[in-house]
Amino acid sequence: MSVHISTKEIKTKRTNYGYVGRRIGHDKPASRYQEAVYDLQPTTNFHYPPTWAEGKELYDVRNTSIVMEDWYSFTDPRQFYYSAYVMARAKQQESMDNNFKMAEKHKMLLSMPDELKASIKKILTPLRHVEYGANMNNQDICDRGYGSIITSLASLHGFDRIGISQYISKIILLIDENESVGLEQGRIDWLDASMWQPLRHAMEDIFVLDDWFEIMVAQNIVMDGLIYPLIFDQYIQEVSSKGGNTLTLLTQFMSDWYVETIRWTNQLIKVVAKESDANNELLSSWVIKWTERLNKAVLPIAQEAFTDGGKDKLEEAKCELLARLAKQGLKI
Amino acid sequence: MAKKLNMRKRYELLTRGLGWEPTYQPKEKVFPQESYEGIKIVDWDKWEDPFRLTAEAYWKYQAEKDKKLYAIIDSFAQNNGHLNLTNASYINALKIFIQGVSPLEYGAHRGFANLARQFSGEGAQIACQMQSIDELRHVQTQIHTLSHYNKHFTGLHDPFHMHDRVWYLSVPKSYFDDARSAGPFEFMTSISFAFEYILTNLLFVPFMSGAAHNGDMATVTFGFSAQSDESRHMTLGLEIIKFIVEQHEDNLEIVQGWIDKHFWRAYRVLGLVSAMQDYMLPDSPMSWKEAWDIYFVDNCGALFKDLGRYGLRMPKFHEQATEESEHLSHQIYTVLYQFSHAAAFQTEVPSKEKMDWLSEKYPNTFDKYYRPRWEMYAQMEKEGKRYFNAGLPQVCQTCQVPMCFTDISKGNPMELSYRVSEFNGDKFHTCSDGCKSIFDHEPEKYAHAWIPPHQIFQGNCGGAEMPDVLKYYHFNEDDSGEYKGSADDNSWKAAHHNSNDDNDIKESA
Amino acid sequence: MSESKVFIILQHNEDARPFAEAFEQENPEAVFKYDQPGMIRIENIGELKITEEVVSELAGRDVDLQELHLVLVSLSGCVDEDDDYFKVSWN
């Protein structure tokens with residue numbers, strides 16, 4: 001006996017949702033990413049004005065001075081919609097979890113020289129707060145930004161920052177054998193130690209910016225563009241060379257994450273700058289303004305992190321960032 | 001040996017202390033929305049985390065959920081699972097769902113991002129942020145699940161465009177705009193508590209069970225999968241209410257006012273669900289009235305008994321909602337029936353079996369008030385005069401549901417309920433005491449609502465004629481009207497007629 | 001303890017089995033309802049509680065109680081949880 005399934009062709013009525021078809025062609029099958037991110041955001045016929053933003057609509061293009069004919073002309077090269085995002089992160093999480101378990105089991109961080117432990121705590125712990133602030137900025141972009149592509153990306157990007165801040169916390173707890181003292185000291189340093197104050201000050205100034213796209217540039221492009229190469233690449237290498245190579249494993253997420261981030265920030269800058277000279281000028285002026293400010297703010301951290309050459313390493317990160325942004329078309 | 005940390009302590013160490021205490025910028029500038037509603041928060045540290053999921057645990061569990069969900073979505077599409085439904089008329093419920101509910105999920109995603117930024121306590125911020133990305137999940141999994149149906153049926157093709165424009169969708173849209181345009185604490189009371197905690201079970205549980213009953217395994221799967229997030233959201237809703245009320249005695253009255261308002265607003269939106277549940281599911285596992293008794297009367301009774309010690313009481317007009325529960329679905333579906341020539345779904349007179357089921361579930365009302373009406377419509381249809389209401393409905397200025405409710409609580413179930421308020425010399429009509437009381441409290445807000453029939457009259461919806469308006473809505477010709485003989489009905493019958501011959505699984509020796 | 005009813009609804013599938021059985025074992029008074037497709041509704045007066053020990057025993061492996069999130073459909077009551085227990089109750 002055999003089971004025979006005779007398949008009759010089931011004719012479809014249409015290929016696509018209308019809102020996707022209008023963008024990619026009605027006969028072209030849509031990807032899950034396209035279905036999930038295009039044109040979900042309301043655009044018109046709002047019933048009541050927001051009580052928290054006078055003269056604005058609930059969703060309003062005027063929340064930034066950047067002008068786009070179409071806020072959906074940028075797409076994420078990673079094509080992250082929710083599921084693709086959590087699947088990617090779950091995979092990374094699994095390998096990070098193994099790294100942490102191994103480090104804990106073999107007491108790999110405890111065998112580091114005390115001096116190195118002290119340095120790691122001093123440099124990394126306050127970065128939890130930087131990550132948390134970065135998250136708030138991304139939640140703000142999700143809240144006030146325009147178009148479901150950029151806002152969903154900011155939402156996921158912000159969630160990553162919570163994850164990173166928790167990974168940093170876990171490293172510190174591992175060094176401190178689950179005592180909270182290091183985390184507490186990190187908070188005190190962040191609030192009071194002079195080396196962190198210029199950065200904290202800059203961050204609070206970014207919190208109160210009116211223009212969400214300026215927040216995008218200051219936070220996700222400039223601040224991260226200086227801190228990540230400096231700390232999660234250069235500093236971790238230095239720590240590693242001094243007997244702390246376990247830290248490379250425990251910050252794997254952060255370094256991979258930054259490489260990934262560059263892909264979409266490059267694309268975003270390229271698309272928005274190409275739209276008009278006015279956009280390009282605005283973006284360029286923000287990049288110049290915030291690079292100058294944040295370079296100064298990160299300098300004391302760079303000097304503390306490296307026994308020598310901290311300033312040069314920061315300069316290197318800055319030049320790399322500016323060169324990369326110039327390559328995307330910015331006039332800087 | 002390192003000391004062992006339990007979940008509570010561990011979560012606390014990973015998250016607490018991250019909240020921002022600005023010193024370079026004034027706190028009111030960094031968190032500008034935290035105080036203008038009059039809510040007084042003395043100490044955010046008193047916040048009890050409703051669930052203690054770390055980012056890592058979140059990624060892990062959510063990925064696992066989605067892996068299962070998408071496997072089912074894929075196999076559903078590959079196997080043309082839509083052919084296994086009880087009947088294609090069932091799809092009409094899904095149309096209302098994706099047009100009316102999915103866009104709200106998106107709105108919630110943005111709204112909770114606002115709270116995650118605007119609250120200054122990290123416990124609440126992180127909980128809201130988690131809900132924000134959950135809501136993104138919900139809208140996207142709904143789109144992906146229903147994508148296959150869109151390829152085969154009418155009315156599912158442009159939900160987000162429609163949500164911004166179509167007359168009956170202004171019911172859910174105006175509710176959400178109402179909450180979104182308010183401050184963060186009111187938004188949270190509205191969405192997390194009034195909607196998620198008090199009413200969401202009425203939307204998802206019976207509806208998803210209904211999907212299972214009608215062979216729609218794809219929708220069941222996304223529904224149950226979303227519900228597991230929803231349980232977290234409900235718990236957050238309960239936590240926030242207790243937290244606010246415990247923070248300062250002045251908060252109680254404000255919060256009670258919001259509960260009253262948003263319970264009624266959200267309840268009116270769910271009127272659409274009652275019609276879906278009782279009339280649009282070919283096979284209903286549970287009536288609206290039964291669901292109301294379990295999920296509102298019992299469940300919220302217990303909830304407010306618990307909240308009584310905080311000084312909170314049941315929402316105003318809840319008695320009227322309960323009294324209406326034997327009438328609601330019949331009245332709403334009648335409107336949908338009468339106006340479905342201007343809707344992106346189709347309706348029909350309930351079948352004989354359906355009417356018998358309704359008689360059984362609504363012994364006090366169906367045969368007395370509603371069966372005669374359906375029999376009259378059936379008769380008209382038989383005579384070739386299927387009834388459609390050619391005019392534009394007058395809608396309630398608050399909830400924007402067409403005026404179809406009757407004065408049940410005043411003992412007049414056959415008399416249209418009508419309330420009038422005056423504001424700035426104009427008259428405004430509302431459908432009920434609940435809606436009038438909301439209007440009267442903030443007349444300047446509701447007087448300026450985007451009322452679809454008015455907008456159509458003013459020519460703001462594509463033009464003066466009905467075809468212009470339907471074009472503005474992006475409706476196709478086969479989206480609307482009577483179900484029997486519709487494109488969906490015909491293609492369904494064609495597919496199932498053939499299937500008797502050659503589409504079945506055959507055993508051959 | 002309150003006289004009010006709490007409930008938990010789980011998906012009716014294999015993953016939920018050790019949780020459902022633990023609720024049964026650890027809350028002898030609880031009522032189980034299977035009348036809605038796809039779901040198990042568990043009700044009790046006052047509270048419903050499970051422990052990690054019993055769930056792990058029933059599953060035959062170490063279970064993290066947060067796995068409950070994978071099969072939870074709805075609940076009513078206040079949640080209290082730690083590594084070794086999960087509880088909903090009215091105070």
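Two residues are in contact here if their C-beta atoms, placed from the backbone, lie within 7 Å. The structure is a predicted model, and that contact rule gives a way to see how its chains are arranged. By this rule, 74 residues of chain A are in contact with 74 residues of chain B. Chains A and B share the most contacts of the two pairs of chains in contact. The other contacts between chains join C and B, where 23 residues of chain C are in contact with 28 residues of chain B. Chains A and C are joined by no contact, and their closest C-alpha atoms lie 15 Å apart.

Chain A has 13 helices and one strand, and along the sequence its pattern is β-α-α-α-α-α-α-α-α-α-α-α-α-α. The C-alpha trace of chain A spans about 70 × 70 × 40 Å along its principal axes. Of its 332 residues, 50% count as buried. Among the contacts in chain A with a separation of 6 or more, 73% are between residues 24 or more positions apart.

Two helix pairs in chain A share helix H9, residues 212-244. Two packed helices are described by the angle between their axes and the distance between the axes. For helix H5 (residues 127-144) of chain A and H9 of chain A, the packing angle is about 155° and the axes are 10 Å apart. Angles over 145 degrees count as roughly antiparallel, so H5(A) is roughly antiparallel to H9(A). The crossing in which H5(A) passes H9(A) is left-handed. On the H5(A) side, the contact is made by Leu127(A), Ala134(A), Asn137(A), Asp140(A), Ile141(A) and Arg144(A). Facing them from H9(A) are Trp212(A), Ile215(A), Met216(A), Gln219(A) and Ile231(A). Seven of the residues in this contact of H5(A) with H9(A) are nonpolar, two are polar and two are charged.

The second pair is H9(A) with helix H13 (residues 310-327) of chain A, whose axes come within 9 Å and cross at roughly 130°. That angle makes H9(A) and H13(A) oblique to each other, and their crossing is right-handed. From H9(A), Gly225(A), Leu226(A), Pro229(A), Leu230(A) and Gln234(A) take part. They meet Lys313(A), Leu314(A), Ala317(A), Lys318(A), Glu320(A) and Leu321(A) in H13(A). By class, the contact of H9(A) with H13(A) has six nonpolar, two polar and three charged residues.

Chain B is the partner of both other chains, in contact with chain A and with chain C. Chain B has 20 helices and five strands. Its C-alpha trace spans about 75 × 75 × 45 Å along the principal axes. A compact globule of 509 residues would have a radius of gyration near 23 Å, and the 24 Å of chain B therefore agrees with that value. Buried residues make up 59% of chain B. Of the contacts in chain B between residues at least 6 apart in sequence, 78% join residues at least 24 apart.

The interface of chains A and B comes next, where 74 residues of chain A are in contact with 74 residues of chain B. On the chain A side, the elements that give two or more residues are strand E1 (2-5), helix H1 (18-24), helix H2 (32-37), helix H3 (82-105), H5, helix H6 (148-175), helix H7 (181-192) and helix H8 (197-207). H6(A) supplies the largest share of that side, twelve residues. The side of chain A that touches chain B has 30 nonpolar, 28 polar and 16 charged residues.

Chain C touches chain B through 23 residues of its own, in contact with 28 residues of chain B. The elements of chain C that give two or more residues to this side are E1, strand E5 (72-76) and strand E6 (78-81). E5(C) gives the largest share, five residues. The residues of this side of chain C divide into ten nonpolar, ten polar and three charged.

Within chain C, helix H1 (residues 17-26) has buried residues Pro18(C), Phe19(C), Ala20(C), Ala22(C) and Phe23(C). What covers them includes strand E1 (5-11), strand E3 (39-45), strand E4 (47-51) and helix H2 (52-59) of chain C.

Technical notes:
Residues are numbered from 1 along each chain as its sequence is written. Chains are lettered from A and ligands numbered from 1 in the order in which they are written. This is a predicted model: local features need pLDDT of at least 70, side-chain atom pairs count only at pLDDT 80 or more; totals for chains, interfaces and linings use all residues. Helices (H or I, at least four residues) and strands (E, at least two) are DSSP runs, numbered from the N terminus. The radius of gyration is taken over C-alpha atoms; the globule rule is 2.2 Å times the number of residues to the power 0.38. A residue is buried if 20 or more other C-beta atoms lie within 10 Å of its own, exposed if 12 or fewer, and partly exposed in between; C-beta atoms are placed from the backbone. Axes are lines fitted to C-alpha atoms, for helices over the stretch in contact, and angles run from 0 to 180 degrees between N-to-C directions. Angles under 35 degrees count as roughly parallel, over 145 as roughly antiparallel, 65 to 115 as roughly perpendicular and the rest as oblique. A crossing is left-handed if the near helix is turned anticlockwise from the far one by less than a right angle, and right-handed if clockwise. Ala, Val, Leu, Ile, Met, Phe, Trp, Tyr, Cys and Pro count as nonpolar, Asp, Glu, Lys and Arg as charged, and the others, Gly among them, as polar.
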